[in-house]
Amino acid sequence: MPEARLIVDRDFVLSDLDRRIFGAFVEHMGRCVYGGIYEPGHPTADEQGFRGDVLALTRELGPTIIRYPGGNFLSGYNWEDGVGPRAQRPVRRDLAWFSTETNQFGTNEFIDWCRKADIEPMLGVNMGTRGADAARRYLEYCNHVGGSELSDLRIAHGYKQPHDVKFWCIGNEMDGPWQICHKTAAEYGRAAQEAAKVMRWTDPTIQLAACGSSHRNMASYGAWEYDVLDACFDQVDLISLHTYFRNDADDMAEYFGVVELMDAFIKEVVSICDAVAAKRRSYKRIMLSFDEWNVWYRTHQIEHMRKPGWPVAPKLIEEVYNMEDALIVGGALIALMNNADRVKSACLAQLVNVIGPIMTDTGGAAWRQTIFHPFALAARHGHGRVMQTRITSPAYAAKAFPEIPYLYASVVDNPADGTTTIFAMNRHLSEPLDLTAELRGLGSDRRIVAAHELHSPKLKVANTREMPNAVVPRANADVAISGERLTVRLKPASWNAIVTQGAARPG
Ligand code: AHR
């Protein structure tokens, strides 16, 4: 039976964990907004038309921040269309998804929904059809206290208090030819520099993320990050990364390799950020916002992204996730946590229906997809600081990546309440993995609070309307702790969150 060892030491901390890495994404696309979070007339809808069942599942999922309103939609969006009296809002054709946008849901509704869900809003500004001027006006509408045309407009719309949105994305995937008004790196870098400058003048308290590459496979990848940051290094705080995992070969051993590639992607972008800093002899460090990531490949063809006839809220990219995908999402969360020194926000794309952890029937039920579970467990237990891990594990070779250790793990320690959580995935498809974890210096008074295990002998099984609980976390009884040494048997192809607790410690 394969065995693995993991060591952490209280003195070796990688970084505090920014809880915004457990973010999600709501785009005006398909049924994410309409029929997802917003559906007036639904039996569970509240007085604002927000679906109560989706709100409850969102709270259970636990995203800390949500990016809005796009995505590709952002690059053609006029924020003014979505504020003010609903009857006066224009109906428009959205060129991102060839849908009709009614604008019955806009920024103020999104902020209200976030407040109800206890989630921080993250907004994007349109750098496709628009630019710096619309961006600064949108920011003034949202964040200025009052006494100016646009802040008074917000107040007239019923929002006396500023929304005080701190996190702003300067456009979306501007490197992609599919983007409305796609730009070269030089065009975007310069435009982002000026947009960021006037946005920061408008509100100096905000954080700004520039667009990185849409994918690591883009031909312009690397050069794009360098050139964009070379233009706007002084004005921005973060650069974005996007990735969508695929299992085209239908080979789980290969599929696990995408998590290693995500880790490599992060480290490569960090190197580029630091190369731009080095050129300037600057100690400033650009942080990473992995603000779109998920599994998405079954519904990637054009017919899933575009329905004829300019429909309102059509079914688009409603990917149904299986156990394999839950493992990959769980692995990606480990990769994000293990890069917590540079990844300061990340958004699972998206939240509902559109490649979402939550699925709904319009007018009907809502349920948890398989990928819901690793996300909810990581968001619930990922508090505190990420520890450096020393891992010894047998490995296998794949085409995607030369060496894939069976054990993939992250340890998050929260001195404030004495909890230490081991997130661990066994990538062996047929053998359990016996893991010994030494939690050195974290207290010999530890006990196991919970050992959550996500596993199914059927890797293709999915959660559906008819079988919403085919894949759910269960308790793993094969775990023990003695002093600072924990032992656990990880089932083949399983993702685990093992929560231990000792006395609270000084941070
Ligand atoms: O999340 C779906 C789409 O994927 C987003 O609109 C876009 O940014 C990305 O290409």
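A pocket, on a 1 Å grid over the protein atoms alone, is an open set of points with protein on both sides within 12 Å along at least five of seven lines. A molecule sits in one if more than half of its atoms lie within 2 Å of its grid points.

Before clicking: this is a predicted model, where local features need pLDDT of at least 70, side-chain atom pairs count only at pLDDT 80 or more, and totals for chains, interfaces and linings use all residues. Residues are numbered from 1 along each chain as its sequence is written, and side-chain values use heavy atoms, leaving out hydrogens and water.

Select the ligand: you'll find it in the largest pocket. Now show what surrounds it (a heavy atom within 4 Å): F25, E27, G71, N72, W97, N172, E173, Y244, E292, W296, Q350 and I355.

Next, polar contacts (N or O pairs within 3.5 Å). Pick E27, whose side chain puts an N or O atom 2.6 Å from a ligand oxygen. On E173, a polar side-chain atom is 2.7 Å from a ligand oxygen. At N72, look to the backbone: an N or O atom there lies 2.9 Å from an oxygen of the ligand. On its own the ligand has 280 Å² of accessible area (Shrake-Rupley, 1.4 Å probe), and the protein covers 95% of that.

Zoom out and colour domain 1 (3-11 + 386-501) and domain 2 (18-244 + 287-381), bounds that come from an automatic or database assignment. Their C-alpha centres are 31 Å apart. Finish at the contacts (heavy atoms within 4.5 Å), where 30 residues of domain 1 meet 25 of domain 2.

Note on methods. A polar contact is a pair of N or O atoms within 3.5 Å; within protein, one must be able to donate a hydrogen and the other to accept it, and residues adjacent in sequence count only if both atoms are side-chain atoms. On a 1 Å grid over the protein atoms alone, a cavity is a set of points where a 1.4 Å probe fits but cannot get out, and a pocket is an open set with protein on both sides within 12 Å along at least five of seven lines; lining residues have an atom within 4 Å of a point.
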